[in-house]
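Q: Could you take a close look at how helices pack against each other in this model? I'd like one connected walk-through, please.

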Amino acid sequence: MSKILKKIIGNRLALLGLIIVMSLFVVAVFAPVISPHDYKNINVKNILMPPSTNHFFGTDDLGRDVFSRMIWGARISLAVGFVSVGISTLIGITLGALAGYYGKYTDMIIMRFVDIMLCIPGFFLILAVIAFLGPNIFNIMIIIGLTSWMGVARLVRAEFLSLKEREFVLGAKASGASNFRIIFSHILPNALAPVFISAVLGVAAAVLLESSLSFLGLGIQPPTPSWGNILTDGKSNIEIAWWLSVFPGLAILITVLGYNLLGEGLRDALDPKFKK
Amino acid sequence: MLIYILKRLLSMIPTLLGVTLITFFIIQLAPGKPTDLMTDLNPRITPEARQKLEEYYGLDKPILKQYLLWLKRIVKFDFGNSFSSDARPVIVKIYDTNEPFFDRRLIVTLTINLLSILIILTIAIPIGIYSATKPYSIFDRISTLAVFIGFATPGFWLALILMILFGINLDILPISGLKSLNYESLSPMGKIFDKTQHLILPVFISTFGGLAGMSRYMRSSMLETIRSDYITTARAKGLPEKIVIYKHALRNALLPIITLLGLSIPGLIGGSIIFEQIFGIPGMGQLSYHAIMTRDYPLVMGLLFITSLLTMLGNLIADMCYAVADPRIRVK
């Protein structure tokens with residue numbers, strides 16, 4: 001673990017990613033302490049004020065402090081990112097492990113299901129389901145999770161295919177370990193590295209997805225702040241309040257950039273192919 | 001080769017069946033009956049009329065029977081009529097043969113996406129090659145950083161910023177639709193110029209979305225190829241570096257790109273929904289968004305099916321190109 005950390009720190013871009021990810025984490029956890037104003041506080045005398053020392057990122061069309069709303073928005077974004085990636089990783093690991101370990105019909109059926117899910121345009125599917133079930137944070141987390149596990153499943157399956165023939169698995173089999181035990185405590189720990197990388201990259205994708213949904217009005221619903229729905233306000237005030245469009249967009253950009261840089265850095269650190 | 005194509009076509013059938021099952025299931029998720037939207041808003045509707053309507057759509061039958069009936073119809077591309085006030089058949093809304101070819105929604109979306117794929121390839125491949133042949137050079141570092149930033153930029157946000165910049169501040173590009181109001185009165189050349197102007201921003205946004213991933217992928221594919229033994233052989237026998245890279249390595253490095261193109265179709269369709277909505281482009285993406293927001297179930301089902309079918313066809317074409325380019329696949 002310390003070796004990996006050393007490699008990350010040695011790689012400037014990956015280090016930048018790590019710093020971004022850690023700072024966002026701190027911002028999200030300590031949101032109530034950090035935000036200078038109450039994010040719900042409506043102030044009609046203070047509508048659409050440009051950035052100032054009192055309101056760092058200006059105020060929105062209800063006079064709310066954009067900086068505070070964005071700090072709380074970080075919480076929402078990361079919550080959606082982590083929970084939906086948690087769901088998709090769990091599904092991906094289970095189905096991938098079953099397909100790779102048992103092979104034959106189990107493999108055929110599961111991989112066919114993966115093919116089917118990959119054929120349906122994911123964003124369209126997510127939009128439709130959320131519109132029908134109603135947009136709230138739980139539906140969004142669950143639906144993003146349910147529609148983005150296919151990559152993990154393929155990864156885990158490939159790892160299982162090569163690992164299940166190795167001596168330590170044959171040894172475990174010979175000593176009478178159950179299939180369940182072999183899958184989860186013998187093979188899986190050895191297959192987790194690529195899953196971990198794809199989970200880090202998955203958080204980036206989920207944050208982007210949530211903001212697109214919120215932007216289209218099918219994501220987090222106001223008054224709960226999310227970077228995507230602040231941008232929707234920005235769109236309706238595009239000619240008079242640039243700060244409503246610029247800052248949330250930059251926040252999304254930096255977050256996604258951070259997770260992608262960290263993910264790629266981890267890939268370089270963990271993948272023996274890239275050893276110099 | 002023919003056997004390979006036939007095999008691939010046959011294997012599409014169960015996948016397509018699965019797609020129809022999921023599409024059908026999604027619609028069942030919606031609370032209430034699909035016809036509620038038509039009946040609830042009509043105060044004069046009688047219970048008999050309501051029942052008649054349900055019979056018309058087959059909603060009184062068991063769910064399995066409903067599915068089979070629907071399946072029987074969509075084989076003939078009959079997705080029923082839209083719930084919207086014009087009540088036109090779904091297939092006509094997507095592909096209206098009465099309109100000029102390039103105004104049909106399916107064609108509008110396909111044109112923009114094909115244009116951006118072409119631009120993506122012409123930019124991404126040279127960048128990838130150059131980065132891979134000089135890894136960790138200044139160019140590679142800058143392009144890597146640019147790729148990461150491009151990857152992280154939300155397309156809809158960039159669209160907003162560009163609309164502010166080019167549409168409002170500089171006022172040199174139109175920000176909505178595909179044609180100006182005076183389109184019909186323009187000369188043929190003027191028409192082409194007008195359309196091009198309207199296409200610049202949407203095509204740029206759509207290109208931007210795919211460019212980063214593609215050039216990154218090209219770089220790693222090229223890097224991997226350059227490390228293989230046959231390249232060392234080519235260099236060892238004294239071939240000039242240009243021939244080694246462009247003649248020997250490039251062919252193999254391009255193979256994964258073909259597959260990636262096939263796989264990127266669903267993402268392009270998702271992207272179309274967003275940028276067509278922002279720029280007000282009358283394509284399939286805009287239609288999808290409206291269909292979802294107005295709960296136009298027949299239209300949503302039809303669109304989900306057709307976009308999935310397009311994805312599968314794209315994958316099929318990609319696989320066929322792959323088989324043409326790489327004989328090893330055909331033998332398997």
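A: **Two helix pairs up close**

α13(A) and α7(B) are oblique to each other. Keep in mind that this is a predicted model. So where does "oblique" come from? The axes of helix α13 (residues 242–270) of chain A and helix α7 (residues 138–152) of chain B cross at roughly 125°, and an angle over 145 would be needed to call a pair roughly antiparallel, while roughly perpendicular covers 65 to 115. Those two axes come within 8 Å, and α13(A) passes α7(B) in a right-handed crossing.

Now for the residues that meet there. On the α13(A) side you'll find I252(A), L253(A), V256(A), L257(A), N260(A), L261(A) and E264(A). Facing them from α7(B) are F148(B), I149(B), F151(B) and A152(B). Sorted by class, this contact has 9 nonpolar, 1 polar and 1 charged residues.

Next, a pair within chain A. Helix α8 (residues 150–163) of chain A packs with helix α11 (residues 192–215) of chain A at an angle of about 165°, and their axes are 9 Å apart. That angle is why α8(A) and α11(A) count as roughly antiparallel to each other. Here, too, the crossing of α8(A) past α11(A) is right-handed. From α8(A), the contact is made by V152(A), L155(A), V156(A) and E159(A), and from α11(A) by P194(A), V195(A) and S198(A).

Key:
Residues are numbered from 1 along each chain as its sequence is written. Chains are lettered from A and ligands numbered from 1 in the order in which they are written. This is a predicted model: local features need pLDDT of at least 70, side-chain atom pairs count only at pLDDT 80 or more; totals for chains, interfaces and linings use all residues. Side-chain values use heavy atoms; hydrogens and water are left out. Axes are lines fitted to C-alpha atoms, for helices over the stretch in contact, and angles run from 0 to 180 degrees between N-to-C directions. Helices (H or I, at least four residues) and strands (E, at least two) are DSSP runs, numbered from the N terminus. Angles under 35 degrees count as roughly parallel, over 145 as roughly antiparallel, 65 to 115 as roughly perpendicular and the rest as oblique. A crossing is left-handed if the near helix is turned anticlockwise from the far one by less than a right angle, and right-handed if clockwise. Contact means heavy atoms within 4.5 Å. Ala, Val, Leu, Ile, Met, Phe, Trp, Tyr, Cys and Pro count as nonpolar, Asp, Glu, Lys and Arg as charged, and the others, Gly among them, as polar.
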